[in-house]
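Here is a friendly walk through one protein model, with the sequence and the coordinates at your side. Please keep the view open as you read.

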Amino acid sequence: MKTTKYSQFGLLAASVSLLSMPVLATTPEQNAFFDSIASHCGKAFEGRVTAGNSADSAFSGKSLIMHVRECSDSELKVPFHVGDDHSRTWVITKTETGLLLKHDHRHQDGSEDKVTMYGGDTVDKGSATEQSFPVDAFSIQNFNENGLSQSVTNVWHMYIKPTEFTYRLTRDKRDFRVDFDLTNPVALPPTPWGHK
């Protein structure tokens with residue numbers, strides 16, 4: 001088939017257009033994981049601490065509620081309410097390299113905490129039920145600047161099964177875990193601080 005200069009130009013223009021678009025490189029496993037969380041969009045669930053130590057005393061005796069609140073094809077926002085503290089939102093985003101987990105921390109007036117948007121990217125395909133997010137360079141710098149050097153080796157993990165969602169943080173001498181019951185939706189919590 002003969003290619004004219006006009007069709008060559010069309011191919012070139014199409015190629016440039018594709019190159020300018022962000023390419024989401026999530027694996028089938030990561031997509032299945034993302035979709036499993038998204039399937040609960042609009043619902044809230046109660047959790048309980050199933051692993052922890054004295055560093056996690058702020059979670060003791062308080063209601064722990066996750067709310068799959070905002071869902072798009074590429075991003076999930078899941079506030080994590082600890083009693084009357086509505087400062088935390090997990091943000092899970094599809095990126096050019098996999099999945100990214102960030103922790104959006106706000107003050108009651110909606111302003112950003114000085115320690116916020118920390119987290120990390122997946123480094124492997126994980127599975128449809130489990131993804132891990134080792135701490136990224138931005139977070140390490142933020143932790144060091146704010147006297148949290150113990151956090152520079154953090155790895156966050158999320159697990160989802162038909163009946164349970166788990167949020168877990170691991171590092172040397174710390175293993176914190178909250179399990180949420182997905183079989184029993186609860187009343188929706190208040191709007192998280194700093195969100196509409």
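Let us begin with Met-117, which counts as partly exposed because its relative accessibility is 27% (buried means under 20% relative accessible area, exposed over 50%, partly exposed in between, with a 1.4 Å probe and protein chains only). Met-117 sits in the loop between S6 and S7, and its phi is near 55°, a positive value in a residue other than glycine. Helices (H or I, at least four residues) and strands (E, at least two) are DSSP runs, numbered from the N terminus.

Lys-173 also has a positive phi, near 65°, and is a residue other than glycine. Its place is the loop between S10 and S11, and Lys-173 counts as exposed, at 75% relative accessibility.

## Ground rules for the model

This is a predicted model, in which local features need pLDDT of at least 70 and side-chain atom pairs count only at pLDDT 80 or more, while totals for chains, interfaces and linings use all residues. Residues are numbered from 1 along each chain as its sequence is written, and side-chain values use heavy atoms, with hydrogens and water left out.

## The chain as a whole

The protein chain has three helices and 11 strands, and along the sequence they follow the pattern α-α-β-β-β-β-β-β-β-β-α-β-β-β. Of its 196 residues, 40% count as buried. Residues 24 or more positions apart make up 49% of the contacts with a separation of 6 or more, where contact means heavy atoms within 4.5 Å.

The accessible surface of the chain comes to about 10,700 Å², and 54% of it belongs to carbon and sulfur atoms. Such areas come from the Shrake-Rupley method with a 1.4 Å probe; for residues, only the protein chains shown count as cover.

## Helices and their buried faces

Which residues of helix H2 (residues 28-38) are buried? They are Gln-30, Phe-33, Phe-34 and Ile-37. Seen down the axis of H2, these fall within an arc of 95°, so they line one face of the helix; the arc is that of the directions from the helix axis to the C-beta atoms. Their cover includes strand S4 (75-82), S5, S6, strand S8 (130-134), strand S9 (155-161) and S10.

In helix H3 (residues 137-145), the buried residues are Ser-139, Asn-142 and Phe-143. They fall within an arc of 100° down the axis of H3, so they too line one face. This buried side packs against S6, strand S7 (118-121) and S9, while the face turned away from it carries the exposed residues Ala-137 and Glu-145. Just after H3, Gly-147 takes a positive phi of about 70°.

## Leu-101 in strand S6

Leu-101 is found in strand S6 and counts as buried, at 0% relative accessibility. Not counting residues up to four places away in sequence, Leu-101 touches Trp-90, Val-91, Ile-92, Tyr-118, Gly-119, Gly-120, Phe-133, Trp-156 and Met-158.

## The largest pocket

The largest pocket holds about 480 Å³ of space. On a 1 Å grid over the protein atoms alone, a pocket is an open set of points where a 1.4 Å probe fits, with protein on both sides within 12 Å along at least five of seven lines; lining residues have an atom within 4 Å of a point. Grid points are joined across faces, edges and corners, and a volume is the space filled by probe spheres set on the points.

The lining has 23 residues, of which Phe-59, His-105, Tyr-118, Leu-169 and Arg-174 lie nearest the centre of the pocket. S10 gives the most to this lining, with three residues.
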